[in-house]
Structures are given as structure tokens and as C-alpha cells.
Amino acid sequence: MKNILTSLLFLLFLNSLAAQSRQKPVSERVDSVMALMTLEEKIGQMTLFTTDWGSTGPTIRPGYREDIKEGRCGALFNAHGVAFTRELQRIAVEESRLKIPLIFGYDVIHGFKTIFPIPLGEAASWDMKAVKASAGVAAAEASAAGLHWTFAPMVDISRDPRWGRIMEGAGEDPVLASAIAAQRVQGFQGIGTFGEPNRILACVKHFAAYGAPFGGRDYNTVDMSERMFREVYLPPYQAAIAAGARTVMTAFNELNGVPATANKWLLTDLLRNELRFKGMVVTDYTSINELVPHGVAANEKHASELAVLAGADMDMQGAVYQRFLKELVEEGKVPIARVDEAVRRILRLKFELGLFDDPYRYCDEKKEKSVILSDHNRAIARDVARKSIVLLRNENILPLSKEVKKLAVVGPLAADKDNLIGFWSAAGEGQHCVSLVDGIRNKLGTGVELLTAKGCEITGNDRSGFAEAVEQASQADAVVVAIGESREMSGEAASRADISLPGVQEELVKALMGTGKPLVVVLMNGRPLTIPWLGENAPALLETWWLGTEAGNAIADVLFGDYNPSGKLPVSFPRHVGQIPVFYSHKATGRPYQPNNKWRSKYLDITNEPLFPFGYGLSYTTFEISAPAPDKTKFRSGEVVKVHVKVTNTGNREGEEVVQLYIHDKVASVTRPVKELRAFQKVSLKPGETKDLLFVLFEKDFAFLDQNLEWTIEPGEFEIMVGNSVDNVKAVVVVRVE
Ligand code: BGC
């Protein structure tokens, strides 16, 4: 009895010690761990390895279990699932000398198992609640699978649809992309204090300007003016950091001659000193090693020195810190203080995640079963998916009647599931996706006869299936044809020089149109495609990107009018690849475009205009947007300009409209873009309903970088334009006075 009492008292004592330590500030707790660490163990914390479950680059270290045991790595990626992460965590906290828990990271980009639309598609929703909800579900599922950290959001602006990773960002515009970046960070991490067990750490990537490689070729050189960088490419990173992102990933590319991973200006002067980023910087996959082929490091040891001194805290998969950092410290080339700083940042994350208190905090099999792919998550995915669809053309074809008796649903993607999850689909599986055929069946039940045929493959020249598809179409009341790209055609290392529809898919559409039946073209793809013929001739055209697990249900909601499409393009669709980069916020030039004047900035063979502009997307109803009504026509320093806009649903269906506000600084000491998005609001209106919207423009909205790269606002006239697409606006002029 006495023994039991003594043991109980001892347990209570231990508990109270642990509780006392939990109450200590994180910095003290971090210091107490640091005090126990050898240099090798510190370097171990600065090392991130992939498991053998999958990787996005060369897997160069198969022995990761041994690495964990020996304290040679502090974090792992590509391990998920409670059973697997628990097994690996156990090695760390039971078999390594210091028992420091591991962080598990993964590319949870647009959902974990319940897959959401690809990020570019989701950006087309212009719906900030939807974007945040999507990241929230991704975090809930990932954390239920033992994960702590996602390598997202990717916030790289891109104006080049040849670049496969355009699918992973939010398009061409810094204001839209910044708003989305902040929502995604908050969706993953929560707002304010981090540490709820259904949230994961966000990682803003790729710092910086990865989205502007020459020729749209992945990993290629980036060279741009500091003005362009600061005005267009930097803002989404800033927004993500301001929203509390705990980690940042470096980029593969060089920026103006210095590879991002060795770029002290980027990683220290800008990120730490100017943007006040307090979290941890991880490199991209072996991007330290790649400093050698880049030609700034003589060998991998030199590469480690450059990266660590530039500000890279954690080496992803390169094993270069592990091999060379100790030597570099001993030789006095890298101060130990720099190593300590990096390790402190990493340990802090582990404390914030609660892993020192309970390393298995994210390992709950019951939760894993109930959260992942739950009906609740699928319902959110369906909602976000339908909001991401953009109606590009509609010659009175859509919505289709639910009374339809025979419907042909054809094309290489009509019954497809695997491609719908798109690239970067984490643990997503095609088998859980609702195909378009299944979605239509779910919607219409058995009352409709569905006639299906592939017609052709996504790629290749085989037209032998055309006859069957045309035959099915000619028997049907209406035809839905699903065409596009396969998921490997976009994403990392998937740049395309020709971004037209692959294979003979367009020919298939032409053959189907020959039947004269009402026809809807459903595009499924990961980037803007050059589709001028379809853009001008398809009776109805829906851009559905890759919509994820609930794709088929979401598309059926739009096809049959249960959801009125509200998406708007977050990126211009070029007519021809030769126009790239084509983006709305271009400069006027000294010879502004005039189609019939040869001596203007133009092409001989093609218009300057994109096929579909930024901000464009149709609805099943119509909206009238008033001219902007500013509360003042003159404003001074320190004053805001309040702009009132009325929007009315003039059609006969309920619908949502995205009202977009652009400005143009007419005369400035530095040329300004012809239009720049400054604000937007998405509103829902019943037929006949009018809403008054208020947009408040602050000083920063009129500011630009002057010739000395200082932010400034100059007196003069500013056009304020409001509309539902960049090419459909009404304008007024306000004057800034001294
Ligand atoms: C990509 C990153 C990704 C990493 C880990 C790299 O190839 O560029 O975006 O997070 O792999 O999978």
C-alpha cells in the first residue's frame, strides 16, 4: 500500500514538473533543449528527408529510419497515415538520444484525400470563404493522417501558361493572389495562435519569382526588374507572411543572377529584415545541391556554406548540411550562432505543434477514419468545385433541362476519374472521384438514357472512335463532350511549348457539332489553353479545370442549373502561344494598340487581345453594374476614397457576380499599367435585386514605386473603373491634389 502511494506521489510530481515546464515561455523551453544538443544533433534538426513513399525528385537516401534513430534528421516528408507516422515518430522519441519528435510534412496542395479543385481553378471562384474552407478541410484531413506541415500555399504569380505549375497558383494578378494567399494560410494554420490539432503549418513557396521562368520552362532562369518583382511578384508572399505563415520555401530558380537558395538579399535582407518574417526557411528539393550546376558553388560543401549563410534553415533532401555543415562550423566558415538560430526556429515549431508534450498528438486512428473523405468534407469540396467553374460561352444551350430523355456524354474525359484529381493530389485517389458520367447519373437518376463513348484519347491521332461518338450524339437530345489535358500534362516539370488541346480532341468536337445537336464542351485542364476555334464556335463552353473528388457532381450542378456559374478567370487565356506573356495589366507603350494601324505595338498576324480576358466569366442570369460613384472627385494625402457601386440582377435567376474595381494612374513619373485590380466583391443577388457595394480605396491603392524604387503617390488624375471583367468596365476620374 505504502509503495503504491509513493509511486502515485512520484507520478503526480512528474506531471506537475511537466505542467510547470509547459507553462514556461517557448523560448526557454527551446533553450533547455538546445543546451543538451551536440553540433551533429543540431545539424540533424536542420535536415529534412523524404521517406520511400514517393518523391518529387531523386531519392538519394533510402536509409531514413537509421537517420531518425541517429538524430540525423529532424523532419520527414512523404510519410502519412497514423500508423506510418506513429511508427516513425516512435523511432525518434524512443530510440534517438535526445528523443526530439519529428515534424511530418507533405505536399497537401489542394486537399489531402478529399481533393479540391486545383489552386488555379479554385482562384477562379474569387470566393474567399470557399478558398479558406478548402484549405481548412485539407488541414483537418492531413492532420488526422499524422501530418503537421504542408508545403503550400504556392503563391507564385504566373503570366505564362506554358509553365506547368501555373496550375498551382492563383493566376496573374497580385491583388487577387494576395487575398487568396492569406486565406489559404489561415485555412491551413488557423488565425492567431497556432497549435490546434486540426491545423497544420503552412509553407509559402517558392521564394521568390519562380513563376516567371524564361520561355515558361520549369526551373529556368528568372530575370526581372526590382520594380516588377516588388509590384507584382512579391505581394502574395508578403500577404501570406502577414497572415502568419510559419514557414517559407526557397525556389529552384535564380533571380537576377543569384539562385534563390543562395540569395542573401532574398532570404535575409528582404525576408527577415524587411518583411519581418520570424519563422523557418526550408529549401526546395535538393536546391542547395543544385547551386553547383547553377554555377555559383564549386562543390556541395561550398553550396552548403552559401545556402546557410544566405538564410536557409533546413535542407530538403540534399543531405548537404548533414555532410558538410559540421566541417564548415569547425573551419570557422559558418558561425555556430547561425546554426543555433536555425535550430531554434525549428524547435520552436515543434513546441508550437505541441509535439514535445505529446509526440503522437496527431496520431488518432479513430479521428483518421471519421475525418478523411467524410460526407461533410465531400460536401464542401462539391461546393468549392462548382464555384470554380467558369462559363466561357453559352449560345442559349445551358442550363440543360433535367427532363432530357437521351443525353450523349462523350469524350476522353467523360467517364474518367483518375485525371480529375489533377497534379499534386496528395493522398487523393481517382477511385474516390465522381466522374462526369456518374455526376450526371446522380443528378438525373434512371429517367435518362446516357449514351457514352470516348471518341478518342486525350493524346494521339486515332480517330477510329469518332464514328461511335457521333452515332451516340446523333441519337441524343443533347451532347456533353469532356476534353482537355491529362493530369501529368501540367504541374511540376510539365511545361508545354504548344498549349493547344492535345491530340484530335478538337476534331472530335467538330465532328460532334456536325450532328447539329445542342452541344456543351466541358474542358478539364490545368492551365489556360489556346483554343481560339472552340472559344469562337462552341455552342457552350465550360472551363472546369481539374475539380477534384466531387468534379462530376459539381459539373452536373452547373449543367442542369442547380448552381448558376459564378467563376471568373484568374488569368488571361491567350489566343496563340506567340502572345505569351499576355496579361491585362500591361503598359500602354508609346504606340498603343490599334488593330488597323501597322505602326503600332502589335502583331501582323493576330490581335493583341487574349481569347478570354482576366476577370471574365458568364452566368445564367445578367447583371447591370453602375458606373462607380466616388464620394469625392478630389482627394489629398491621408484621405480615403469611398466608391459606391450598384449591382442589379437583371435576369430571372438567382446568381452571383464578382464586381471588380480597377485603377489607372493616367500620368506618372514612371509608366503605369493600363489597368490594375484594386478590389473585388462577390455578391449573390435574387432576380431583380439590387445591392449597394462600397469599395474603400486607401493611399496604398494609388501608390507605385518611383524611379528610386520608393513607394509614392503623385498628384494627378486616376481613372477608377468598375465592371464584371477587365474588358467590361465603366470609369470615372478622381484627382489627387497636392
Ligand atoms: C517542389 C516543391 C515541393 C517539393 C517536395 C519540389 O520538387 O518544387 O514545391 O514542395 O518538391 O515535394
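A search of the whole structure, which is a predicted model, finds 21 aromatic pairs, a pair being counted where the ring centres of Phe, Tyr or Trp (its six-membered ring) lie within 6.5 Å, with planes under 30 degrees apart taken as stacked, over 60 as edge-to-face and the rest as tilted. One of these is the stacked pair of Tyr584 and Phe614, with 4.6 Å centre to centre and 20° between the planes. Both residues lie in the loop between helix 22 (551-559) and strand 17 (623-625), so the pair ties together parts that are 30 residues apart in sequence; helices (H or I, at least four residues) and strands (E, at least two) are DSSP runs numbered from the N terminus. Tyr584 and Phe614 are both buried, where buried means under 20% relative accessible area, exposed over 50%, and partly exposed in between (1.4 Å probe, protein chains only).

The rings of Phe612 and Tyr616 are also stacked, because their centres are 5.4 Å apart and their planes stand at 15°. Phe612 has 4% relative accessibility and therefore counts as buried, and Tyr616, at 17%, likewise counts as buried. Tyr584 and Phe614 belong, together with Trp126, Tyr662 and Phe680, to one aromatic cluster.

Charged side chains are also placed over aromatic rings, the criterion being that NZ of Lys or CZ of Arg is within 6 Å of the ring centre and within 35 degrees of the ring normal. The charged end of Arg159 sits over the ring of Phe583 at 4.1 Å from its centre, and that of Lys510 sits over the ring of Trp533 at 4.7 Å from its centre.

An open sheet of mixed pairing is formed by 5 strands in the order 19-27-26-21-22, two strands being paired if DSSP finds at least two bridges between them. Strand 19 (634-635) and strand 22 (676-685) stand at the edges with a single partner strand each, so one side of each is left without a neighbour in the sheet. Strand 19 runs parallel to strand 27 (residues 729-736), to which 2 bridges join it, and Phe635 stands opposite Arg736 in strand 27.

The protein chain averages a pLDDT (the predictor's confidence in each residue, from 0 to 100) of 95, and 96% of the residues score at least 70. Over residues 9-17, however, the pLDDT is below 50, and beyond near neighbours in sequence this stretch has 0 contacts in the model, a contact meaning heavy atoms within 4.5 Å. Where pLDDT is low, the predicted coordinates should not be read in detail.

Residues are numbered from 1 along each chain as its sequence is written, and side-chain values use heavy atoms, with hydrogens and water left out. In this predicted model, local features need pLDDT of at least 70 and side-chain atom pairs count only at pLDDT 80 or more, whereas totals for chains, interfaces and linings use all residues.
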